[in-house]
Amino acid sequence: DVGCGFGDLKGFLQGQGMAVAYTGIDLSPEIVAKAKELHPDATISAGELSDFDWPAQSFDWVLLSGTLNWQLNDDGDYARQTIRRMFELCRKGVAFNMLNARHPEMKSLTDLVAFDPDAMLAFCSQITPDSRCRTDYLDNDFTIYMRCI
């Protein structure tokens, strides 16, 4: 769980009856400390994805929600590098969401960045042809699913 925050995804999965070996990372050491307190049986570490030396295919699924929306003024390079690394680390697939640049309110963003769903899907399809984009749940958001084939 890239950008795991307090590890809420782990709690959600457990609430759905799913027993998972959960690994989360987050930039904030304070948030990581609280996540470890809330989920002592999880592996949760402070840092960026690029800070860790996990070998390829270390995880079944690599997920990310909301953490690629921060404005870095890098034309999306960080987001693409992160997505590529996430896919290297998965055995089954990747899922991540982003803000949708087609939404009218996204033009006024200053601290956040939005992405074009078609452009991001085209990028992901270069990594794996089994990439899908879902845009039907919120007007200003989209999710891409990338599966290993």
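Helices (H or I, at least four residues) and strands (E, at least two) are taken as DSSP runs and numbered from the N terminus. The structure is a predicted model, in which local features need pLDDT of at least 70 and side-chain atom pairs count only at pLDDT 80 or more, whereas totals for chains, interfaces and linings use all residues. Residues are numbered from 1 along each chain as its sequence is written, and side-chain values use heavy atoms, with hydrogens and water left out.

In these terms, L49 is placed in the loop between β2 (43-46) and β3. With a relative accessible area of 7%, L49 is buried, where buried means under 20% relative accessible area, exposed over 50%, and partly exposed in between (1.4 Å probe, protein chains only). When residues up to four places away in sequence are not counted, L49 touches V2, I25, W54, T82, R85, M86 and L89, contact meaning heavy atoms within 4.5 Å. Between L49 and C124, which are 75 residues apart in sequence, the C-alpha to C-alpha separation is 18 Å.

Two packed helices are described by the angle between their axes and the distance between the axes. For helix α3 (residues 77-89) and helix α4 (residues 117-127), the axes come within 11 Å and cross at roughly 35 degrees; such axes are lines fitted to C-alpha atoms, for helices over the stretch in contact, and the angles run from 0 to 180 degrees between N-to-C directions. The contact involves R80, I83, R84 and F87 on the side of α3, and M120, F123, C124 and I127 on that of α4. By class, the residues of this contact comprise six nonpolar, no polar and two charged, with Ala, Val, Leu, Ile, Met, Phe, Trp, Tyr, Cys and Pro counted as nonpolar, Asp, Glu, Lys and Arg as charged, and the others, Gly among them, as polar.

Within α4, the residues P117, M120, F123 and C124 are buried. Because they cover an arc of only 130 degrees around the axis, they lie on the same side of α4, the arc being that of the directions from the helix axis to the C-beta atoms. The buried residues of α4 pack against α3, β4 (90-99), β5 (131-134) and β6 (141-147).

The side chain of S28 reaches the backbone nitrogen of I31 at 3.1 Å, and S28 counts as buried at 18% relative accessibility.

The loop between β3 (59-65) and α3 contains L72, which counts as partly exposed at 47% relative accessibility. N73 lies in the loop between β3 and α3 and is exposed, with a relative accessible area of 68%; its phi is near 55 degrees, a positive value in a residue other than glycine. D75, found in the loop between β3 and α3, has a phi near 60 degrees, likewise positive in a residue other than glycine, and counts as exposed at 73% relative accessibility.

Technical notes
Polar contact = N/O pair within 3.5 Å; in protein donor to acceptor, adjacent residues only side chain to side chain.
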